[in-house]
Structures are given as structure tokens and as C-alpha cells.
Amino acid sequence: MTATQLGSGRYSSTIEGPDGVATSVHELSTSDDAKVTGVLRVPRGATTVVTIMHPRQDVTHHPLVPYLLTMGYGVWTQGSRSPNNDLNLLHEQAIIDFAAGHVFLRDNGFGVYSLGHSGGGTLAAFYCQQAALPPDQRLATTPSGRPVPLADTAIPLPDGCIFLAPHPGQGALLQRLIDPSVVDESDPLSVDPDLDPFNPGNGFRPAPQSSSYDEAFITRYRAAQEDRVRRLDAQAREYVSDAQQANRAFKSGGDAVDRRRAIAPRVMTVFRTDADLRNVDLSLDPNDRPYGSLFGRRPDLTNYGLVGFGRLSTAEAWLSTWSALSTNATFIDCAPGVTVPTLLLEFTGDQASYPADITAMSAALAASDLTVQSAAGTHFGGPVTKGAATGTSLAAQRIESWLKAHT
């Protein structure tokens, strides 16, 4: 049996890039003195750059990079200050990181188009929302109350946005995935059988059969998912309050004991976050997706494993990124602030963004120049069926047509 490597098979294979591309690596300083790194690839004569950024993943080798270069566009791939690390990911800081890349590209004379794939789509929408606001109307703090200098940050708007398979936001996505049958947050095996999505009595069927949940269970399940997020929010806010109280005491009295209390890690462990009913019941929000989740073909097993969204985070990161009830970074909430020309591109076999999501997103986006299209593929650009063209290659065709019409 071949061992599965962490992150293996996420993206489909891709084409070779063209010759004659100048590649350079840049370390940038943000407006709040953090450091971020980006890779700039520029074909000969390119004057327009497509940016690719994700709040929590390294997209240096995103499969669309060689396609875009072959089209004649430059590509800027950038990380946040928290690449591949959810532990302390604050979306409000990720906007500041994103802005540093945009400023760098503008200063070097490039036209800039933003391409946001998956969670990068919500980040781009959040960025555009804040960029379009007068500085004094931008967010001043994270949901936990940490100050963020968005008012003092240059946030240039891109010339246009491409949203590829955007999911509803890290927090909104996690609420769909979180297992509400957990009854003890300290025990990864604790379960309420009446809410267990993998209990045959609730409608589950063993893989690869499609499960069948009735409306009463679905309603109870989704309400219980929100309740669990609300309980985790309360825990996070208690941690934040304790740390802030200790920090105030230290500033007042200077006692090192208070400072230790303030900086002691309060890390939240959130078990079982791969339990979206739609991943095993293909009749819910139907599309061309295969059975299984983003993390594997057996959600009844991967739900109990290490890999998954929001498994470990600080209380601040939970509130900023992973809580659907507290985060500022939700696609639908940010979309009315997106006014630049926009391409919204759906994968027909997506396991994280569904047809109803695309409909809601297209209705919420404020761009008067809005194109909504689809391509056959799974969430990370794989083929819908074995031997078919990859979603990445089909998406590249639609992206090229749209870019040629807008540059």
C-alpha cells in the first residue's frame, strides 16, 4: 500500500511554461513592518501581471502559472506573513500583506489583475472591499480587537478580478464542515449519535454509495453546526479577554507574572472539521462532484484525522478567520465592495463551492462588468472524469479570453 503524503495530489498536473521568462524573488515590507515574499515571472514584453495569493497556502507553483505565462502575462505569486500556517492567520493582516504586493507591482509600472482561487477568492474580495473604502472607513481592528493600520496602508485596487472556484470564506466554509456531534471539545472521539453524520440511522451510507439525509436531520444538523461555532467563539473570546486583562495589568504594574499571563499561548484545538453532508450526499446542492471531500474519498475517516480546516489556531485567528459568526472575510459580505471588472468562474465538480454559492456570489458582486462562466473540473482543477481535460486547462481558456478582452 502506498503511503499518502500530506498535500499530495491537491493540484492537477500542468503544462510547461514558455522560454524567456525573467524570474525574480522579492522580499517586501508591509505598512506594519512585517515581511512577505513574492515571486515575479515576466515574459518578454509583458506589461500586465496577474497576481495569485492565498491567505494560508504557498501558491508559488499554482498550476495556472505556466498557462498565464504562455498567454503573455506576467505572474506574481505571493505569500502572506503566515504561509502554510493557520495558527495565527489574521485576515485583516493578510490584506496588508496583499497590498504590499500590489504597491510593488504598480511602482514597477505593471497593470494588475487579481486571480483568487478557492480561499484566495474571498481574500481578494475582502481586499477590494477595503481598498474601495475611504481610509477612515476601513476596519481599524480585527474581531478580537487587535489594531490594524488599514487606514494608513496604501491599498491600490486591481484593474480587474478573477474569482476561480471561490468558496464562501474560511469561516463560512468551516461552519459547513464542522461536525456538530462533538460533545466534548477535549475528546476527538466524543459523539452524539443523534447528530452523527456517519451514523446509518441518520441516513449515512458506506462509501462510495451516496448517503441520503432527510430534511429534518439536515435542519437539526446545520443548526447544531452553528451552535458549535458559537460555543467555540465564546471560548475564544474568553481567552482573548484573559490575555487583554493580563496585559493591562502588566502595563499598569509592570509585574512580569502578568506579562507571562498575557503572552502564554491559548491555542484552540478544534476536532472533526470534515463533515459537510454534501460530500457524502450527492443529492444536496447537486453538481458533477465526485463522492468525498477536499481531504479524501472517505470523509467518515478523514473527519477524525489530522488534516482539515481550522484544526489548530489562536483565539484571535479563530475569530478573524475560522468563525463564520465573527470573521470579516466572508465572500457574500465583501462582494458588494467589488466594483472592478470581474470574472466569476465555477468548477462544475466543485466539492467546496456549489451552484447555489455561485448564484449568490454573482448576485452580490457589484461589478457592472461581470462575467459568470463555468468549466468542467473539481475544486483544485482536476478532471471531472478520468481521462477528461483538467479543470485547470479549461479554466485557462476562459481566463485567457476574458483577459484578452480586458487588457
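Me: How do you know that the length of helix α5 agrees with its number of residues?

Reply: Helix α5 covers residues 215-253, which is 39 residues. The expected span is 1.5 Å times one less than the number of residues. That gives 57 Å, and the end C-alpha atoms are 57 Å apart, so the two agree. Helices here are DSSP runs (H or I, at least four residues), strands are E runs of at least two, and both are numbered from the N terminus. This is a predicted model: local features need pLDDT of at least 70, side-chain atom pairs need 80 or more, and totals for chains, interfaces and linings use all residues. Residues are numbered from 1 along each chain as its sequence is written, and side-chain values use heavy atoms, without hydrogens and water.

Me: What is found at the start of α5, and what just after α5?

Reply: At the start, a side-chain oxygen of Asp 214 comes within 3.2 Å of the backbone nitrogen of Ala 216. Just after α5, Gly 254 has a positive phi of about 75°.

Me: Which parts make up the two domains?

Reply: Domain 1 is 22-169 + 329-405, and domain 2 is 173-317. The bounds come from an automatic or database domain assignment. The C-alpha centres of the two domains lie 26 Å apart.

Me: How much area do domain 1 and domain 2 bury between them?

Reply: About 2000 Å², with 52% of it on carbon and sulfur atoms. Buried area is the accessible area (1.4 Å probe) that two parts lose on being put together, summed over both. Leu 87, Gln 351 and Tyr 354 supply 30% of the area that domain 1 buries against domain 2, more than any other three residues.

Me: Why is the pair Asp 357 and Arg 176 called a salt bridge?

Reply: The rule asks for a side-chain nitrogen of Lys or Arg within 4 Å of a carboxyl oxygen of Asp or Glu. The closest N and O atoms of Asp 357 and Arg 176 are 2.4 Å apart, so the pair meets the rule. Between domain 1 and domain 2 the count is two salt bridges.

Me: What makes the salt bridge of Arg 81 and Asp 32 a tie between parts apart in sequence?

Reply: Their closest N and O atoms are 3.0 Å apart. Arg 81 sits in the loop between β4 (74-78) and α2 (91-107), and Asp 32 in the loop between β1 (22-29) and β2 (35-42), so the pair ties together parts 49 residues apart in sequence.

Key: Polar contact = N/O pair within 3.5 Å; in protein donor to acceptor, adjacent residues only side chain to side chain.
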